[in-house]
Amino acid sequence: MFLNDPPKEFLKELNKDVPPNLQASARFITQTLTSGKKILSNDFLVLPDPETLKNIYIIDAINQNVREEKQVDNLKLIDSLKKKDIPRYELVDNYYNLLFTAVGNKLKPFNLSKVNFTLKEYGLKDDTEKGIFFLRCIDYCGTEIWGFMNIVKPHNIKKAYQYIRKFPKFNGLKYYQYNDLSFPDFEMVIITKRGPQSYKGFFIDRYYELLLSHLTCLNGLDESQKDINDLLLGSILRDQSLYKYTKYKERLEGIFQEQKRE
């Protein structure tokens, strides 16, 4: 996750004498450390086999462990995780979290406007796995505008909207038109040391925040009513079944009550 590429000698050593069952993991880790857009190719967007998913999960756990003040012996950690039955959705989430973190660190300046993620091509087994892919990707995209909408005073909506216009497409549609988020909720540890929490409660809440920021930009920049309506009616902003996952429930209801009055 370095911002700069590590020395070539390091990468050669990383891939030297790698046993067959770890070669796919080594290739993935190498790409997270290397600049360029190859990590957004199907070679890495396609979900790897279950063994590789678990190996990458263990590698990430070691990476986190060595940063801890009170470290666990790495060999004991590896042994315990190899024996542990880790839910598949946690493995999928970990994989795409690492992938899109690497994209954020390596692809500068941000511009995914020409990227179209075709989810059916990535070996994702169900709507939950597709939802994990989408939510991890769009959460990364949302971090690109968060500072403009939350730190800068006054909000720099012009700059934020410039970034929003560089968001990728999903299945050929604008990002906000992805609506397949009715998959069953599940719990997992998303932020270390906070304990298990609702996956949808965490990520859908953040997604609503992004959509509302997008709406603020459109209104503040006097964009066309068509663009505003497309966002309001074409996204989950109007999906009341998902409001239970967000702290913005009252604000969302207020927006559509205002729409009715108009």
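In this predicted model, helix 10 gives the lining of the second largest pocket its largest share, namely 3 residues. That pocket holds about 330 Å³ of space, and of the 15 residues that line the second largest pocket, the closest to its centre are Ile164, Arg165, Lys174, Tyr176 and His214. Besides helix 10 (225–234), the elements that give two or more residues to this lining are helix 8 (157–164) and helix 9. By residue class, the lining of the second largest pocket divides into 8 nonpolar, 2 polar and 5 charged residues.

Asp230 counts as partly exposed, at 27% relative accessibility, whereas Lys226 is exposed, with a relative accessible area of 57%.

The largest pocket contains about 1,800 Å³ of space, and of the 50 residues that line it, Asp60, Ala61, Gln64, Asn94 and Leu98 are the closest to its centre. Several elements each supply at least two residues of this lining, among them helix 4 (50–65), helix 6 (88–106), helix 7 (127–150), strand 4 (187–189) and helix 9 (199–220). The residues of the lining of the largest pocket comprise 26 nonpolar, 11 polar and 13 charged.

The count of salt bridges comes to 7, and one of them is formed by Arg88 with Glu129, whose closest N and O atoms are 2.5 Å apart. Since Arg88 lies in helix 6 and Glu129 in helix 7, the pair ties together parts that are 41 residues apart in sequence. Arg88 is partly exposed at 25% relative accessibility, while Glu129 is buried, with a relative accessible area of 1%.

A further salt bridge joins the side chains of Asp139 and Arg206, at 2.7 Å from N to O. Here Asp139 belongs to helix 7 and Arg206 to helix 9, so this pair ties together parts that are 67 residues apart in sequence. Asp139 counts as buried at 15% relative accessibility, because the limit for that class is under 20%, and Arg206, at 34%, counts as partly exposed.

On the surface, Trp146, Ile151 and Val152 form a nonpolar patch, with about 290 Å² of accessible area together. Val152 is placed in the loop between helix 7 and helix 8, and with 34% relative accessibility Val152 counts as partly exposed.

Conventions: Residues are numbered from 1 along each chain as its sequence is written. This is a predicted model: local features need pLDDT of at least 70, side-chain atom pairs count only at pLDDT 80 or more; totals for chains, interfaces and linings use all residues. Side-chain values use heavy atoms; hydrogens and water are left out. On a 1 Å grid over the protein atoms alone, a cavity is a set of points where a 1.4 Å probe fits but cannot get out, and a pocket is an open set with protein on both sides within 12 Å along at least five of seven lines; lining residues have an atom within 4 Å of a point. Grid points are joined across faces, edges and corners, and a volume is the space filled by probe spheres set on the points. Helices (H or I, at least four residues) and strands (E, at least two) are DSSP runs, numbered from the N terminus. Ala, Val, Leu, Ile, Met, Phe, Trp, Tyr, Cys and Pro count as nonpolar, Asp, Glu, Lys and Arg as charged, and the others, Gly among them, as polar. Patches are made of residues with over 30% relative accessible area and no salt bridge: like charges are joined within 9 Å, nonpolar side chains (Val, Leu, Ile, Met, Phe, Trp, Tyr) within 5 Å. Accessible areas come from the Shrake-Rupley method with a 1.4 Å probe; for residues, only the protein chains shown count as cover. A salt bridge is a side-chain nitrogen of Lys or Arg within 4 Å of a carboxyl oxygen of Asp or Glu. Buried means under 20% relative accessible area, exposed over 50%, partly exposed in between (1.4 Å probe, protein chains only).
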